[in-house]
Structures are given as C-alpha cells and as structure tokens.
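Trainee: I am new to this structure and would like a close look at one part of it. Could you walk me through a single helix and its surroundings?

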Amino acid sequence: MHDIRAIRENPEAFDAALTRRPGAAPMSREILAIDEARRAAILLSEQAQAELNGLSKQAGAAKAAGDEKAFETIREGIAKRKAQIADLAATAKDEDERLQDLLLTIPNLPLAEVPEGADETGNVEIRRWGTPRRFDFAPLEHFDIAGVKPGMDFETAAKLSGARFVLLRGAVARIHRALAQLMLDLHTGEHGLTETWTPVLVKGEAMYGTNQLPKFAEDSYQTTNGWWLIPTSEVTLTNTVAGDILDGAALPIRMTAHTQCFRSEAGSAGKDTAGMLRQHQFEKVEMVSITTPESSLAEHERMTKCAEAVLERLGLPYRTVVLCTGDMGFGAQKTHDLEVWLPGQDRYREISSVSVCGDFQARRMNARFRPAGGKPEFVHTLNGSGLAVGRCLIAVLENGQEADGSVTLPAALVPWLGGKTRLTAAGQLV
C-alpha cells in the first residue's frame, strides 16, 4: 500500500518510480482525483455538521422563547442538514473505498538501484559460488535417476490429486525431510532466527496484508468457507505483527518456519511440467524479518547470506542475481534471486527469492513500531526462501548423481540421515 500523503506531496516522483516497471502507466492524476473528491466530501460534511450544531442551538432558543413558527423553520433546516451530512458521508465512504481499492492494485516502487529491464533477461548477476561438477557421463534430470525413481512417484500422486503433485517414499522422502531439518537448525542455531510453527489456512485479511490479494487471487486456493491456503509462510509470519505497535528496541524480529505451501500455478501452463520443479503443493523453509526503515537494506543483505549459507553448506553451486524492474514481484522494492545449478537441465534455476518490501506490506497490515521517544512509524518487512525444500532436493540429487544411478549425498546432510552417505541405484540409503 502506498502513502497517499507522499503521492500528494510529490506525484512526479511517484509516477517516475512506478513507470520504471515495464507496462506501468503514471497513476498519480487518477489517485489524486479520487483523493480530492473524498477530501472535498469530508470537508463539506464537516461544514454541514457545524451548521447543524448552530441550528440545533437556534432551535433550542426558539423553543425556549415559545416561537413555534421559528422553531418549525429551523427544524426543517436541521432535517435538510442531516440528510446532506448523510449523503456526504456516503460519498466520502465510496470515494475512500475507491481509493483503497485502487491503491491495493498498484505494485511497490522499485528502489533507484534496481536495474531496469523488461523480463528476466534484464537481471544482473552479482556473484557466483562453487564450480559446476564436470561429469564423465550425461547427467540426468532428477526424475530419471535410477536410485530416485523408487521414491518419487508421480503416477500415484496423479491418481490421488491430478497433475503437478508428487508422492515421495522411503529414502527420497527421508532426504527431503532431512533437508528441511538442516535448514531449520542452521537458521535457528547459527543465524538467530526464531523457529515458528504456523497455520496453513488464513483469513482473507492476512492475504491482503502480504499483497497476495486482491491481485493474485487466481494463484491461490480458497476453501468453501473463506479460508485461504498459504502460498508461503511469508503470509503467516509477516502477519504476526499486523495491527501491532512494537517496541523499537525489540526490532529486528527474525523468524523462520517450515510449512506446506500451495499455489495454483495459474500462469504457468506448460512450464516445468516434468518432475517436481513446479508443484501445486510443496514445502519451504521461509525467513521473515520485521525491522526499522534505517536497517532494512542491511537486513536484506543479511537474509540473502542466510539463504546462500544453506547452499554452501550443501556444496551446491549457485549464483545470486538482482532482479530487474520487469521481473521483480508485486510487493518488492528490491529482490535477490538465488539460482542453483541443475546439471540435468544444464542451467541455473531459482531456489530462493529474498525481497525487501519497505513499508508496503506494513501499511496494508497497519504494523508499526515506536522508536525511543518518538511517534509510531511503519515497520519494514522482508521475506525470503531459506530454501524451497523440493527444489533443494532436486539439486542435491542431480549434483550428486553417479553413472551407476546412485547418488552421493552432501556430507553436511549426513547427521540428519543417521550416518547414511549414499542413495543406491536401487533406492536405498546406505
């Protein structure tokens, strides 16, 4: 949500920042026209109320003086003023709803440092870590590796639920679980995040708060009684401070959660239909930070490092890119994507997005903090995957595959696998 006062004070700057997003048109004129109509109705209502108060006093005086004719005339004026106030209040309410509805559909403004670009081709790489392994055989995608096939069942999942679902069994299911445990233990034990267990069903207000609604309703699932299935625990973690005024000394608040996540993938027809790269139901270990405006950019760098640390611990080559204005999410001011190397696809693929949102979500949630000796201000919110568990499983399997169909597992994962170091070609952990 944007600050209407900031738009009033500098509409040119608002339009200049907004139109850095490809396809976005200047909107300050439309916004301010609605705002002016709303404010005019409020002003006229206040003036009519003042006149009503005066008439009420005059009516009392006329009644006390026994002047019935004057009293009746004044009473008619009072009735007209009351009707006028009601009409103006309705107009102000309608204009306010129009303004809020419009503001809810406008994306966040990219920071000046975000590179401009039309799509992902405009993203800018800022660093790489690790060297992709050189295979002496043609590496396979995860679902074609012999040792993986017994534990990754798409046919049964399709029988149960349809396309874009997977059923994991045995060793593969255990590796998947171990990855989530490693991530949680790393984030809580070394990165200072507080582990949180959250619902996966939320009210519509929570989805509005983190900007999934109203614009992206078709990308999420809603139950018949009005709950929404979360697309990520960004929704639940961030909304834990909705409506609060936090003590500034308590910031930053850093949280992590491992949850099931649900996305309809409405806009991805035909994309990544093979394997488990893009699913309707998946797991993520999410990171969320609630912080002050002064520290949010430093926190963004810190969170990016937390996500990178998981990949480095697992020995998975990756690159970090800054998303351009045309590839950045609706609620973000700036986003770092981590892309892990997948030898089966011979390319880097996204495994984490870490975004700073400024006060964009905080305004929607009315989440504030009180600095020492100061008035309440809106917090800044950040979120990022630390990591997407299923995609991390894919990367571990593809990067560790051997010519005989077995998989050598990362040493860092062994403590969560009971000392097992390898997935055999028959699909067993040994």
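Mentor: Helix 3 covers residues 28-65, and its 38 residues at 1.5 Å a residue should span 56 Å, which agrees with the 55 Å between its end C-alpha atoms. The expected span is 1.5 Å times one less than the number of residues. Helices here are DSSP runs (H or I, at least four residues), numbered from the N terminus. This is a predicted model, where local features need pLDDT of at least 70, side-chain atom pairs count only at pLDDT 80 or more, and totals for chains, interfaces and linings use all residues. Residues are numbered from 1 along each chain as its sequence is written, and side-chain values use heavy atoms, leaving out hydrogens and water.

Now look along the helix. Among the buried residues of helix 3 are Ile 31, Ile 34, Asp 35, Arg 38 and Ala 41, buried being under 20% relative accessible area with a 1.4 Å probe, protein chains only. An α-helix has 3.6 residues a turn, so residues three or four places apart point the same way. The cover over the buried residues of helix 3 includes helix 1 (4-9), helix 2 (11-18) and helix 4 (68-104).

Just after helix 3, Gly 66 has a positive phi of about 75°. Helix 3 and helix 4 then pack with axes 8 Å apart, at an angle of about 160°; the axes are lines fitted to C-alpha atoms over the stretch in contact, and angles run from 0 to 180 degrees between N-to-C directions. That makes helix 3 roughly antiparallel to helix 4, the word for angles over 145 degrees.

Key:
Helices (H or I, at least four residues) and strands (E, at least two) are DSSP runs, numbered from the N terminus. Buried means under 20% relative accessible area, exposed over 50%, partly exposed in between (1.4 Å probe, protein chains only). Contact means heavy atoms within 4.5 Å. Angles under 35 degrees count as roughly parallel, over 145 as roughly antiparallel, 65 to 115 as roughly perpendicular and the rest as oblique.
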